Amino acid sequence: MRSVAEVRGAVRDARAAGRRVGLVPTMGALHEGHLSLIRRARADTDLVIVSLFVNPTQFNAQDDLAAYPRDEARDAALAEGEGADILFAPPVDEVYPDGFATTIHIAGLTEVLCGAYRGPAHFDGVTTVVTKLFQMTTPDVAFFGQKDAQQVLVVRRLVRDLDITVRIEACPTVREPDGLAMSSRNAYLDADARQQAGAINRALEAADRALAGGETDAAALLAIAREVLAGARIEPEYLELRHPEDLRPLEAVEGDALLAVAAHVGRARLIDNRMLSHPAKEHA
Ligand code: AMP
């Protein structure tokens with residue numbers, strides 16, 4: 001479907017029949033990570049809408065919009081194969097008609113990690129388009145990947161602050177056999193960079209192992225992760241330990257902690273994260 005009116009019609013009919021609506025927002029170039037969200041939506045809801053929209057407002061100059069991988073026919077076949085009912089792929093002017101002038105901005109949470117490096121326009125673009133997708137499709141449940149951990153927190157805050165009646169489900173990160181988090185941007189990696197990129201997850205795992213061994217100090221855990229990255233000649237854009245809900249920086253792991261990383265590897269900017277738990281808490 002290309003138009004908001006068509007999607008609204010389908011949602012209205014489904015609701016009238018007592019069916020629950022699930023939304024999986026994507027920018028396409030679907031991979032197993034996206035497909036896991038679609039499967040989850042298929043299992044949990046009755047009318048599954050996959051949106052495919054490469055949102056221009058969340059890209060910045062370095063992050064080349066024109067180069068973003070696109071293959072709508074392939075995406076449509078994959079989504080259908082997982083049982084999606086509707087692929088909603090609106091053109092840009094259906095989402096941003098002439099004179100569009102509104103931005104949704106969330107303070108605080110968007111100013112750190114990716115927000116600090118990609119600039120405020122990135123999360124403003126995300127929150128504005130996600131709000132619009134929620135208004136267009138009025139889902140009962142929307143499915144997001146934990147791979148974009150900050151995005152999940154931002155979207156949860158958005159629906160809470162704006163009283164949007166959608167439940168947000170965060171789904172686990174799907175990884176390649178060597179641990180690299182699946183991403184549409186992995187397509188930018190040549191063979192050498194692809195090899196290097198495996199170190200990102202290994203760095204997160206090394207910190208997690210050190211925590212299990214009793215090291216709870218943030219600086220020490222970050223140094224361990226940084227050393228694994230350095231071994232693969234990766235200098236992270238950021239590597240930080242933060243509170244998993246409000247993203248304040250942590251000096252030590254006491255309960256749960258979000259270990260988050262971003263790094264430029266070859267031509268790609270990659271992000272990943274791991275939720276760490278204090279060993280005493282896990283056994284409690
Ligand atoms: P994107 O197309 O990159 O905007 O991603 C669309 C959705 O898929 C977002 O909610 C992402 O967090 C999620 N996603 C992307 N990669 C993965 C992955 N490897 N595992 C699970 N979810 C993912």
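Which residue in β7 does proline 236 stand opposite? The legends below give the answer. This is a predicted model, in which local features need pLDDT of at least 70, side-chain atom pairs count only at pLDDT 80 or more, and totals for chains, interfaces and linings use all residues. Residues are numbered from 1 along each chain as its sequence is written, and side-chain values use heavy atoms, with hydrogens and water left out.

**View 1. The open sheet has three strands in the order β6-β7-β8, with antiparallel pairing.** Strands are DSSP runs (E, at least two residues), numbered from the N terminus, and two of them pair if DSSP finds at least two bridges between them. Because β6 (236-242) and β8 (268-277) stand at the edges with a single partner strand each, one side of each has no neighbour in the sheet.

**View 2. Strand β6 pairs with β7 (residues 256-265) in the antiparallel sense over six bridges.** Here proline 236 stands opposite alanine 263 in β7.

**View 3. The ligand is surrounded by 16 residues.** The shell divides into seven nonpolar residues (Ala, Val, Leu, Ile, Met, Phe, Trp, Tyr, Cys and Pro), two charged (Asp, Glu, Lys and Arg) and seven polar (the others, Gly among them).

Note on methods. A residue is near a molecule or strand if one of its heavy atoms lies within 4 Å of it. Helices (H or I, at least four residues) and strands (E, at least two) are DSSP runs, numbered from the N terminus.
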